[in-house]
Amino acid sequence: MNLIFVLLIDVFYIISTNVVSDSTFNASLTQEQQQTLQQESRYVTRVLGDSFEVYAPLYHQFTLDAILAEPKQFDSAYTVAKEDILRQFDEYIATLPDDRPFFLMGFSQGAMLAREVLKAMPRKVYQRCLGVYMMGYKLGSKEVINPRFRPARSATKGMVVSYNSVTDPNKAWPFISKGAVTCINPVNWTTDATPAMLVYKKDTMTVTVDKKTHLLVVTAEEDKYYNPAFAPWYKQGALHTQDLLFYLPYLRENMRARRALLKNEE
C-alpha cells in the first residue's frame, strides 16, 4: 500500500519562456512552438519521471520579446499567460483524486506563474502541496509576508524553494532577481554562505549564497554557459538557463526527501 502511495505523487510543471516572438506577445501555440515547449517538458520528465508523474501543460506564455516591450504591453501579455495557467491548474486539480499530494514547479516564466498558482490555490488544495520550486525567479518581500510563501530554510522546512545563479552578483538579470529577499542553495540546502560542490556533467563548481543580494554565486566558466542570443535580455555571467539544468537532479532528491516525510506520517 505504501509503495503505491509513494508512486502516485504528481509534479505540476510550468514551462519557461521558449517562444521568442509572436504578433500579440503571447505564444499562439503553433505546431512549431508546441514542439519547442515540449523539449523542456520532456527533459524534466526524463529527470523526474522515475519518481514522479509530471504534468506540464502547454499555455499561451508571454514571449521573450514581451519582456522588452512597453510595460502595458508586457502586463497584458502576462495576464494572458497567468489566466491560461490558472485555468489549466484548475482543470488538472479537478482530475486529481482528493487525497493525492503534488509538487508545484516552474522555471523562469514558469516560476513567476507558479507564484500566481500558489496564491490562488484553494486552502484544501494548498494542504496537499508538498513543496513549490521557483527555479530562476526571485521570492520578494510581497510574497514572504504571505504565510503560503514560507521560504525553504532547509531541505524539508518551508514551502518555497527560490534561487537565481550568477558568476558575479553584478551580472545578475534584474528582471528575475531584483528585490529578492531570500535564497536557498539547492545543493547543500543552506541559506547562509556555506559553499557546496556542484557537479554538472564533467564540471565541478562551487555554489555559495550571497547574503547581500540573495543570489547563488557559482564558479562556472562564463563563456561555456552563455548563449550570445540572449544578449538583449541578460549578459554573460547570469546563469539563468542553468537554474534548471544545474539543479534539477538535486531538486529531485529533495522531492524524494519531502515525499519520504509524508510516507512516515502515514
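How many bridges join S1 to strand S2? In this predicted model, where local features need pLDDT of at least 70, side-chain atom pairs count only at pLDDT 80 or more, and totals for chains, interfaces and linings use all residues, 3 bridges join S1 to S2 (residues 53-55), and the two run parallel. Residues are numbered from 1 along each chain as its sequence is written, and side-chain values use heavy atoms, with hydrogens and water left out.

Strands (E, at least two residues) and helices (H or I, at least four) are DSSP runs numbered from the N terminus, and two strands pair if DSSP finds at least two bridges between them. From S1 the chain passes through helix H2 (residues 31-48) to S2, in a β-α-β crossover that is right-handed, meaning that, with the strands pointing away from the viewer, the path from the first strand over the helix to the second runs clockwise.

Strand S1 (residues 10-14) is mostly covered, with 5 of its 5 residues buried, that is, under 20% relative accessible area (1.4 Å probe, protein chains only). Asp10, Phe12 and Ile14 point one way from S1, while Val11 and Tyr13 point the other way. S1 also pairs with strand S3 (residues 102-107) in the parallel sense over 5 bridges, and there the bridge partner of Tyr13 is Met105.

The partner of S5 is strand S4 (residues 129-135), joined over 4 bridges, and Val132 stands opposite Val160 in S5.

Technical notes. Buried < 20%, exposed > 50% of the residue type's maximum accessible area, 1.4 Å probe, protein only.
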